[in-house]
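User: I have a new model open on my screen and would like to understand the terms used for it. Could you take me through them?

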Amino acid sequence: MERKISGIHHICLKAMGNSDFDKMVDFYTNILGLPVALEWGEGENRGKMIDTGDAWLEIFANGVDYPASSTIRHIALRVDDTDFFIEKVRKAGYEILIEPKDHTFPTNPSYSCRLGFCRGPVGEEVEFFQVK
């Protein structure tokens, strides 16, 4: 039997305590409308798995320090309307890093999308990626 990787199960985000945890959960669930798949613990030992449809975002409240830099540039969420989500996060007071724009990657075959970026509640970059 061949062993294989079948996809990404989850990406972990660590909040710096309860305040950041609450901001992150609010952003991904209330503002973006993603459901909670699992939750556990209390206080700074709590966490949640947020269901993005393809993979989960795991959010912990027990981060001790933000890394100075990371190899992960951003989280890209597949959406059906980039403009809608950019406006939604703008109205919630989040910084827009890249306004919605159409883009065609110079690949073979070419690959087109509409994308936009915002900064999330603890500094993470979030891309809204609409395949054209």
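Analyst: Happy to! The second largest pocket has a volume of about 470 Å³, and among its 21 lining residues the closest to the centre are T52, D54, A76, L77 and R78. This is a predicted model, in which local features need pLDDT of at least 70 and side-chain atom pairs count only at pLDDT 80 or more, while totals for chains, interfaces and linings use all residues. Residues are numbered from 1 along each chain as its sequence is written, and side-chain values use heavy atoms, leaving out hydrogens and water.

User: Which strand supplies the largest share of the lining of the second largest pocket?

Analyst: That is β5, with four residues. A strand here is a DSSP run of E with at least two residues, numbered from the N terminus.

User: Why is K48 called buried?

Analyst: Buried means under 20% relative accessible area (1.4 Å probe, protein chains only). K48 has 15%, so K48 is buried. K48 is found in strand β3, residues 47–51.

User: What makes the pairing of the K48 and E39 side chains a polar contact?

Analyst: The term needs a pair of N or O atoms within 3.5 Å, where one must be able to donate a hydrogen and the other to accept it. The side chains of K48 and E39 make such a contact at 2.6 Å.

Note on methods:
1 Å grid on protein atoms, 1.4 Å probe; cavity = no way out; pocket = protein on both sides within 12 Å on 5 of 7 lines; lining within 4 Å. Points joined across faces, edges and corners; volume = space filled by probe spheres on them. Buried < 20%, exposed > 50% of the residue type's maximum accessible area, 1.4 Å probe, protein only.
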